[in-house]
Amino acid sequence: MPSLKHEKLCLAPVAGVDEAGRGPLAGPVVAAAVILPPKGIPRGIDDSKKLSHADRARLHDRLRDCAIVGVGIVEAEEIDTLNIYWATMKAMTLAVEALGCAPGHVLVDGNRLPKWGYAATPIVKGDSISLSIAAASIIAKHTRDTIMLAHAEAHPHYGWHSNKGYGAPEHLRALREHGPCPLHRRSFAPVAEAYRARETLLV
């Protein structure tokens, strides 16, 4: 289970940062930064991937009430311009800037850091180790899922209610049958292939 071991070694306030949505074929990449309160941290915080949708939703709301939270969002069009790596770095930077206060230290999930002026430490599998990063993973995942569920209403072909934009068989089949929509990432191979296929049909 994640703990505050790493946070206690850093200059306060410590922000944990994580992202959601690097792999999907559609929708934004979302990052979150979270500074946990000194007391009253919600129980059950863990890597978002290990939690049910209901638990993520509950903890998201609790964290929004008790913690300092910042969110950064980079949309599909900008992902195609920057590439997914730099778009993720930008989302993380936006998330920390959205905190409204300067962190003493930032703990980032993964092995790379954005180019910023904050004192920071990357932690591989940080969402399973650091409580602040785990909290950020919950905020980022729930925020992105909520965005994709809203988009699913307008674009029902792709099965985003269940796959959230990832390359599930239903999503890939819809790409072939209906083509991409403006929310798809053109720089991702299955989407680029679907665009080429449609252009061939129009010739």
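Is Asp-145 buried or exposed, and what is its relative accessible area? I began my notebook here, and Asp-145 turns out to be buried, at a relative accessible area of 3%. For the record, buried means under 20% relative accessible area, exposed means over 50%, and partly exposed lies in between, with a 1.4 Å probe and protein chains only.

**Ground rules.** I am working on a predicted model, where local features need pLDDT of at least 70, side-chain atom pairs count only at pLDDT 80 or more, and totals for chains, interfaces and linings use all residues. Residues are numbered from 1 along each chain as its sequence is written, and side-chain values use heavy atoms, with hydrogens and water left out. My helices (H or I, at least four residues) and strands (E, at least two) are DSSP runs, numbered from the N terminus.

**Entry 1: salt bridges.** I looked up the salt bridges and found six in the structure. The term asks for a side-chain nitrogen of Lys or Arg within 4 Å of a carboxyl oxygen of Asp or Glu.

Asp-145 meets Arg-56 in one of them, at 3.6 Å from N to O. This pair ties together distant parts of the chain, since Asp-145 sits in helix α4 and Arg-56 in helix α1, 89 residues apart. Arg-56 also counts as buried, at 10% relative accessibility.

Asp-145 has a salt bridge to Lys-141 as well, at 3.3 Å from N to O. The two are four residues apart in helix α4, so about one helical turn separates them. I recalled the general rule here: an α-helix has 3.6 residues a turn, so residues three or four places apart point the same way. Lys-141 counts as partly exposed, at 21% relative accessibility.

Next I checked Glu-78 and Lys-90, whose closest N and O atoms are 2.4 Å apart in a salt bridge. Glu-78 belongs to helix α2 (residues 76-82) and Lys-90 to helix α3 (residues 84-97), twelve residues apart. Both are partly exposed: Glu-78 at 29% relative accessibility and Lys-90 at 32%.

**Entry 2: helix α1.** I then followed Arg-56 into its helix. Helix α1 covers residues 53-66, 14 residues in all, and reaches 20 Å from its first C-alpha to its last, close to the 20 Å expected at 1.5 Å a residue. That expected span is 1.5 Å times one less than the number of residues. Along with Arg-56, I noted Ala-57, Leu-59, His-60 and Leu-63 as buried in α1. What do the buried residues of α1 pack against? They pack against β3 (68-74) and α4 (131-154).

**Entry 3: strand β4.** In β4 (residues 105-109), five of five residues are buried. His-105, Leu-107 and Asp-109 lie on one side, Val-106 and Val-108 on the other. Strands pair if DSSP finds at least two bridges between them. β4 pairs in the parallel sense with β1 (residues 14-20) over four bridges, and four bridges join β4 to β5 (residues 120-123), also parallel. I followed Val-106 across: its bridge partners include Ala-15 and, in β5, Ala-120.

**Entry 4: strand β2.** My last stop was β2 (residues 29-35), where seven of seven residues are buried. Val-29, Ala-31, Ala-33 and Ile-35 point one way, and Val-30, Ala-32 and Val-34 the other.

Note on methods:
Contact means heavy atoms within 4.5 Å.
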